[in-house]
Amino acid sequence: MTSWPLTYGSVPLCLLLIVALCAATSHPGDNVCSSAVVTSCQECLKRGPQCFWCFKEDFLEGAGSGHRCDLQVNLLRKGCGPEFTEKSDVKVEVNATVSSTQVSPRDISITLTPGSEASFVVAVKQLPRYPVDLYYLVDVSASMQENLDHLKTVGVALSLRMTEYSSDLWLGFGSFVDKPVSPYINVHPTKINNPCSDYEIRCRPAHGFHHVLSMTGNMSEFTRVIKRQGISGNMDTPEGGLDAMLQATVCQRAVGWRPEAKRLLLLMTDQPSHIALDSRLAGIVTPHDGLCHLENNVYTESTRMDHPSLGQLSDKLLENHIYSIFAVEKQQYQWYEELVHLLPGSYLGKIGFFQSPNLIDLVVDSYKSLLTEVTLSVSLDDKALSRYWMSVSPICPEGTTAKERSCLGVQPNQTVYFNITIGLHSCPDHGGDEDIEVMVRPVGYNESTTVRIHSKCQCSCGSKGHCHESGDSPCAGTTYGTGQEQRPQLALINESNGNCRAEGSNVDCSGRGVCECGKCVCERSRLGTIYGKYCESDDFSCSYNNGLLCGGLGVCVLGECVCEDNWTGDSCSCPVSTATCQSPDGSLCSGRGTCVCGQCVCDNHKYSGDLCERCPACQSSCQSHWKCVDCHISHDLKHNKAGHCNRTCDSDVVYIGDMMSGGGWIQCMYISSDNCRYWFQTNSESGWNQLHISTRAECASSGRLVGTFLSVCALTVLCGLVVVTVSRLLLQKRSWSPGDATKDGDYNCTGKELSYIPRSNEKTVTYRRDRPSDHPVEMTVHVKMPLGEPWQ
């Protein structure tokens, strides 16, 4: 037996890591293990796989039995070693000695405790070519006469077509009608032997199932048997197809199913089928037993047992690794579409007429579809179903599609993996251990995986088997007698009570318990556990942080916090790691401080920030270096003249071309007397001042500035003129329109009058009369009219 990956390891260290993780991510108040209501080892382990029971005799002496149940990390810190703990023994073992071709592993053993779970992986490999067994199960009622004739030419043609996918095709044949009882058939003596007597033709008697031809590779024999088949008849519309399917499935020896072949069961009918409980119409109430009942190839229990249920038929198809194909008339397609969803590994084809090409295409297409779909079925005894749960997750090859418990589009030589998790809710009612088997079957494969589950529900508690559970009395079996014998026993009790006081104390059990039979039984406190020989210790008299005892990152032992790994301090609030003090450059606190309790404490008050990276006062260092920079500039930044500035500068000066970034460098700028900008940077992290001066100055001449100013002014004036000119042209165009003028009232603006926009037409008319000549008369009339009105 070899070990396999599992959810909870059987190695104690592995389990300890899981328990430690649970403890680190939960607060003390969230500990699901520790509870006053837990009084036994069995109750403790039921609370979850992370819970441990301590059966050490003197563990937390005086404390209640409920404190023996806790996370293992807490029990270890309270003095209960691994050898004194009972734990959930969860493990997975694989029997690697059982060989497999398609499905592996073939045999797995699992041990579970209540509340635990275990995971394992089943691999299913798709082979390139399989032998194929195809069994035709045909409805031979009168309405199927034409379809039966078309079937006679299928055998040889199908064999030739299937050579693309299989080199070894065998065919079988069986027929069915319905149960030969009323009201399914006419039971008149003249109708039983010949249901077609009204039509003056000869028909076969109705039958539930006849096995006609066992699996054979002889296509000529298959064709000869089909040609000899005759039709039959019945009364009601539904047929007994599902009843016949179960017999063709379970009668392995009679049908001749080959163990190494892919098995296809093709049902041909033009009507729906009876299902379970339909037989009550005929007075048949005995449920089907799921067994084979063939005598001389005839189903003998058709009139005595009910039709099988869909669940029963599904189980038998899976158990015998058979794919089912339904070839039905299109009028019945919807009825069978609902049925196929309840039968794993089933395929439904809708055919208008059962002609030879249609049947061949149906068989080939369904075989290709079923072969490229790998589906897993997990079956469990119904009696244990309520106590277990399981989940299946397919891991499909690249290029395929995952769908619930299956992978679609799987190609030959590809392997599909199924991750299966099984968990135990509870133990049986009797409370004892239990052994069950779970069958993991890839649908249609002749190999499967057997999973043997052992549920561990009892505690062994070491070699002595004494778990120190509630009810264990220190005075068990002690009798004190009566009469004259009573006084010595009372004296013994008083003497033993003296053992309940610590040296120098006049109070029993430190005032936090009662003395029974010479031993302190400590009281319970809502704050935590009180324990010790004299109830002198507890697990809550320690420092708190953020309202949590020991910051939620340790346990209180004898008044001091015992911190988890990576934590320290009085209240376990300080991380051991200095990762929170690491600067981006890898130094601690930017090299300006020390890391205390996960935080930087800066060495100098002028530094601040989480990593001592800020120094507002340091920014003034730019101005402090101006004299030094000016000195070097006055000597033209020449290396051979840099020595003249040694008295002015207290820094190491270096001339550079491009400025550096990061690393604690402070960027500065200096403007010289000739209006040139000089960039420099300073750094004092290394313990002494460093100064880098850029040799690239940014200077602007006065002539260049004047030229730039005049150019901007000229451009502004030019733009203003353009705007004014365009505005006047637009106003002129808007005020004059050629269609608004009349012959007598035209108004044409001259260039001098562009600023005048007329709103009316004005006209002066002069009337003159010459006679009498001695007194000529002249009259002038000035007329003003709104603009646009015609003159009259």
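Which residue takes a positive phi in the hairpin of β24 and β25? In this predicted model, the residue is Cys-517, with a phi near 55 degrees. Two residues lie between the strands of that hairpin.

Look next at the strands themselves. β24 covers residues 513–516, and β25 covers residues 519–522. They pair in the antiparallel sense. Four bridges link β24 and β25. Across the pair, Val-514 of the chain stands opposite Val-521 in β25. Strands of a sheet pair through backbone hydrogen bonds, either parallel or antiparallel.

Now turn to another set of strands. Here an open sheet is built from three strands, in the order β3-β2-β4. Its pairing is antiparallel. β3 (69–71) and β4 (85–86) stand at the edges. Each has a single partner strand, so one side of each is left without a neighbour in the sheet. Strand β2 takes in residues 51–54. Two bridges join β2 to β4, and these strands run antiparallel. Trp-53 has its bridge partner in β4, namely Glu-86.

Finally, consider charge on the surface. Four residues gather there in a patch of negative charge: Glu-57, Asp-58, Glu-61 and Glu-536. Where does Glu-536 sit in the chain? Glu-536 is found in the loop between β26 (530–531) and β27 (537–538). Its relative accessibility is 45%.

Key: Residues are numbered from 1 along each chain as its sequence is written. This is a predicted model: local features need pLDDT of at least 70, side-chain atom pairs count only at pLDDT 80 or more; totals for chains, interfaces and linings use all residues. Side-chain values use heavy atoms; hydrogens and water are left out. Patches are made of residues with over 30% relative accessible area and no salt bridge: like charges are joined within 9 Å, nonpolar side chains (Val, Leu, Ile, Met, Phe, Trp, Tyr) within 5 Å. Accessible areas come from the Shrake-Rupley method with a 1.4 Å probe; for residues, only the protein chains shown count as cover. A salt bridge is a side-chain nitrogen of Lys or Arg within 4 Å of a carboxyl oxygen of Asp or Glu. Lys and Arg count as positive and Asp and Glu as negative; His and the chain ends are not counted. The place of a charge is taken as NZ of Lys, CZ of Arg, CG of Asp or CD of Glu. Buried means under 20% relative accessible area, exposed over 50%, partly exposed in between (1.4 Å probe, protein chains only). Two strands pair if DSSP finds at least two bridges between them.
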